[in-house]
Amino acid sequence: MTLRPALIVVGGVLAAASLQVNVGGQMAGPAPGEGLSESYRGSQSGNVEYQKVPPIKVFDNLYYVGPGAVSVWLVPTSDGLILIDTAQEPYVDHVIDSIRKAGFDPADIKYILITQGHLDHFGGAGKIQALSGARVATLEEDWTLIEEAYQAPARPGRPLGVPVKRDLVLHEGDTVTLGTTALTVYKLPGHTPGSPSFEFTVYDDGTPYSAFVFGGPGQRNGVEGGTQFLESLRRLKTEFGDIDVPVHVHSYLRTYPYDSGGTVFEPAAKLAERKAGDPHPFVDNAQWRRWLDTAEAGTIKYIEDAKAGVPVR
Ligand SMILES: [Zn+2]
């Protein structure tokens, strides 16, 4: 169930020499020709310690608290915390630790929003709900996927973790409000039959920017799913093409062939070196548009392949 959309499975480009990290006294890093973000689902996908990246403050009200391969976004509000996705075991304690390291109390989480009924996104929801009492929310279609996941036998090496039960059911057009923060819910299916997506405002030292989490950014399920995904992409281009900040659910989503590298750790490296007056590296409408163009081209090919009988995910 790990997300590997065909459209972004293309060779890495970013120079890797300076990207090694020390893991348990051993240097680990991207393989030759592999970008940093790419390494988290590539050569280092099974390296648990390597995946435990430190939290990143990206905006006044947006923190990255996930492992390397699967984003978990923390949205602090005036009345508690909102968590978008949870990762899965064995990374759930890392997510909880990252929230603490970022300066917040996980017990203050009021909402856990799940972008997909896939284990890598919802696998930590039960444990985090148990320690916080948060409401867990996703679309009807994704709750059904979550329930099916608990009914199926666990796959080796893919522990299901603490189960989460159907709680809040989101709908297109709903608003999740906490304090003065509001996230608008959209249904953009194709990766899963629901794939809730969220629009909200982030602040860079008080300056507001529109942000968007596309919940299911990879085509799945052959001609039918691919066609649904293409419709979602075209809706995104029409209705949300102007957003300032794409908030990606996987670090390795990329805008090949326009850019090298991924869409979380590469701009985060620039953010760490940002000087006063520099633009914010995550405020990047051009990157969002390139991602949409790349995804659309990849999806058209995916549908053609599926129609031609080429095996697709
Ligand atoms: Zn998925």
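Helices (H or I, at least four residues) and strands (E, at least two) are DSSP runs, numbered from the N terminus. By that count, the protein chain in this predicted model holds 9 helices and 14 strands. Of its 313 residues, 49% are buried.

**Confidence and overall contacts**

- The average pLDDT of the protein chain is 90, and 89% of the residues score at least 70.
- Residues 1-18 are a stretch where pLDDT stays under 50.
- Taking contacts in the protein chain between residues at least 6 apart in sequence, 65% join residues that are at least 24 apart.

- Five strands form an open sheet in the order 10-11-12-13-14, and their pairing is mixed.
- Strand 10 (175-178) and strand 14 (245-247) are at the edges. Each has a single partner strand, so one side of each has no neighbour in the sheet.
- From one strand to the next, the twist averages 25°.
- The pairing between strand 13 (residues 207-213) and strand 14 is parallel and runs over 3 bridges.
- Ala211 is placed opposite Val245, a residue of strand 14.

**The nonpolar core**

- In soluble globular proteins, nonpolar side chains tend to be buried together.
- In this model, the largest nonpolar core has 70 residues.
- The residues with the most contacts inside this core are Trp73, Leu74, Leu83, Ile84, Ile112 and Leu113.
- Leu83, one of these, touches Val72, Leu74, Ile109, Ile112 and Ile128, if residues up to four places away in sequence are not counted.

**Val95, a residue in helix 3**

- Helix 3 spans residues 92-101, and Val95 lies in this helix.
- Is Val95 buried or exposed? Val95 counts as buried because it has 25 C-beta neighbours inside 10 Å, and the cut-off for a buried residue is 20 or more.
- Leaving aside neighbours within four places in sequence, the contacts of Val95 are Val65, Gly66, Val72, Thr86, Ala87 and Gly124.
- Gly124 is 29 residues away from Val95 in sequence, and the distance between the two in space is 8.7 Å, C-alpha to C-alpha.
- Val72 is in contact with Val95, and Val72 is also touched by Leu83.

Technical notes: Residues numbered from 1 in each chain as written. Predicted model: local features only at pLDDT ≥ 70, side-chain atom pairs only at ≥ 80, totals over all residues. Pairing = 2+ DSSP bridges. Axes fitted to C-alpha atoms, helices over the stretch in contact; angles between N-to-C directions. Buried ≥ 20, exposed ≤ 12 C-beta atoms within 10 Å, placed from the backbone. Contact = placed C-beta atoms within 7 Å. pLDDT = per-residue confidence, 0-100. Core = buried A, V, L, I, M, F, W, Y, C linked by C-beta atoms within 7 Å.
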